[in-house]
Every structure is written in structure tokens, then in C-alpha cells.
Amino acid sequence: MEVRIDESWKAVLTAEFEKPYFAQLTDFVRTEYKTHKIYPPAKLIFNAFDQCPFDQLKVVILGQDPYHGPGQAHGLCFSVNDGIQFPPSLRNIFTELKSDVGKPIPTSGNLTGWARQGVLLLNATLTVRENLAGSHQKKGWEQFTDAAIETISAQKEHVVFILWGNYAISKNELIDKTKHLVLTSVHPSPLSASRGFFGNHHFSRTNKFLLQNGLEPINW
């Protein structure tokens, strides 16, 4: 597995790529792609980083696992390819977005437009077997993505970290809250969205913080 990732990220994450765990992770992932149906397509494993260069990053939204159904995952958390039906959590995200900032619910669930404005749509685990949620957890991806979060926290200022659900909120401890804004709520999943995801105003609160710090708001 060749590590194809934006040069700005290569510069700040070089040390991670050279650690023994990453070599083991690479071997595991390469074997999985040869022997099983794995999502996203291999060339899109680092799509979140490629679409949102380190020097342009303003917001981090953290997911857990890629979607594991055909045609859905393309390397950005919560996002699906054009023409794919919205998964329930994404539909709820769009519902809150409309309520919060008046944005009409889009026709596509592809969030690449957010990424290109500086939103890192990062899953904690970057690959998954088809129809087997969590199948690539605890293989090394979390160590890598935790390092990415810590690097952002240490080397950037005025980043908004959006953490939905207990798993994402557990990453709170990796973030320096004296210089970044951390927004938390329950997950947008239908199981929890009505218990505090709807009405969290995370999209408008993000833009308010960015404007207060002289940064361009996100056109959600």
C-alpha cells in the first residue's frame, strides 16, 4: 500500500509513517484489499487529508468507521458518493443544518465541498470490510488518526473540533482547549439524534468562532 497523501500532511506526519505499527498496519491493509472487499477504494483511503491540506484546515469532524455498503464510502466521514441514498446519520446532519443555518437539504450526500473549504472529515478508522462494521478497528488506524488530531492541536490555532457521540467525545483529551473550540453532542444516529443532536447549532457556532478569529466561515 503506497501512502498517497497530500504533501502538507506528509510533512507533519512523517514520524508516524516511519513507526513500526504503521508498517504492520500497512501489511494488514494490503492483505485485506487482496483477499476481501474493502471500503473505501484503496486510492481514497487518505481522501480526507487530500481534500483538506494541513495549512488550510479550520474544522475537524470526527467519525468512527467508513460506511461498509457498496458505493458509499469515499474516504470522508459521514459523506457518500453522488447518487447514493443518504444514510440515516447524514440525513439528520442535513436536517440540523437546515434548522441551524437555513441551508436547504442538498440533493447529494457528497461533502467534498466542505473538505475543500478546510473541514477535515476524519474517520478514526480509515478502512473497513464490506458489511462488517468495525472490522478494521484496533489494527493501528486509531493510533495514526489520534496522532493526526494531536498534531493539529499542537501545530494549529483556532481550529473547531466537532465531536458527535461518545466515541468521538473520547478524543477530547487529545485537544488543547485553551486555543481550540471543542463542540460535543450526542451522535446524529436516529438512536440518539433527538436527545441533543437536533438543536446543537454546531454549524453556526463553528462559523461564529471562525469569524471571531479572523477566519473565513464555512459555506455549509
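The legends below describe close-up views of a predicted model.

**View 1. Four strands of the predicted model form an open, parallel sheet in the order 3-2-5-6.**
Strand 3 (119-123) and strand 6 stand at the edges of this sheet, and because each has a single partner strand, one side of each is left without a neighbour in the sheet. From one strand to the next, the twist averages 20°. Strand 2 and strand 3 run parallel and are joined by five bridges, and within this pairing Leu62 stands opposite Leu122 of strand 3. Helix 6 packs on the sheet, where it touches strand 2, strand 3 and strand 5, and the direction of helix 6 makes about 155° with that of strand 3.

**View 2. Strand 2 (residues 59-63) pairs with strand 5 in the parallel sense, over four bridges.**
Two of the facing positions can be followed here: Val59 stands opposite Val160 in strand 5, while Leu62 has Leu163 of strand 5 as its bridge partner. Strand 2 is mostly covered, with five of its five residues buried. Val59, Ile61 and Gly63 point one way from strand 2, whereas Val60 and Leu62 point the other way, and all are buried.

**View 3. Strand 5 (residues 160-164) is mostly covered, five of its five residues being buried.**
From strand 5, the residues Val160, Ile162 and Trp164 point one way and Phe161 and Leu163 point the other way, and the burial applies to all of them. The pairing of strand 5 with strand 6 (residues 181-185) is in the parallel sense and extends over five bridges. Within this pairing, the bridge partner of Ile162 in strand 6 is Leu183.

**View 4. Helix 1 (residues 7-17) packs against helix 6 at an angle of about 135°, with the two axes 10 Å apart.**
That angle makes helix 1 oblique to helix 6, and the crossing of these two helices is right-handed. On the side of helix 1, the residues that take part are Trp9, Val12, Leu13, Glu16 and Phe17, and in helix 6 they meet Gln143, Phe144, Ala147, Ala148, Thr151, Ile152 and Gln155. Sorted by class, the contact of helix 1 with helix 6 has eight nonpolar, three polar and one charged residues.

**View 5. Helix 2 (residues 20-35) and helix 6 (residues 141-155) pack at an angle of about 125°, and their axes lie 9 Å apart.**
Helix 2 and helix 6 are therefore oblique to each other, and helix 2 passes helix 6 in a left-handed crossing. The contact is made by Tyr21, Phe22, Leu25 and Val29 from helix 2, together with Trp141, Gln143 and Phe144 from helix 6. By class, the contact of helix 2 with helix 6 has six nonpolar residues and one polar residue, with no charged residues.

When the neighbours within four places in sequence are left aside, Ile152 is in contact with Trp9, Phe54, Leu57, Val60, Leu120, Val159, Phe161 and His180.

**View 6. Asn207 is found in helix 8 (residues 202-212).**
With a relative accessible area of 13%, Asn207 is buried, since that class takes in values under 20%. Apart from the neighbours within four places in sequence, Asn207 is in contact with Pro217, Ile218 and Trp220.

Technical notes:
Residues numbered from 1 in each chain as written. Predicted model: local features only at pLDDT ≥ 70, side-chain atom pairs only at ≥ 80, totals over all residues. Heavy atoms only, no water. Buried < 20%, exposed > 50% of the residue type's maximum accessible area, 1.4 Å probe, protein only. Contact = heavy atoms within 4.5 Å. Axes fitted to C-alpha atoms, helices over the stretch in contact; angles between N-to-C directions. Parallel < 35°, antiparallel > 145°, perpendicular 65-115°, else oblique. Left-handed = near helix turned anticlockwise from the far one by under 90°. Nonpolar A, V, L, I, M, F, W, Y, C, P; charged D, E, K, R; others polar. Pairing = 2+ DSSP bridges.
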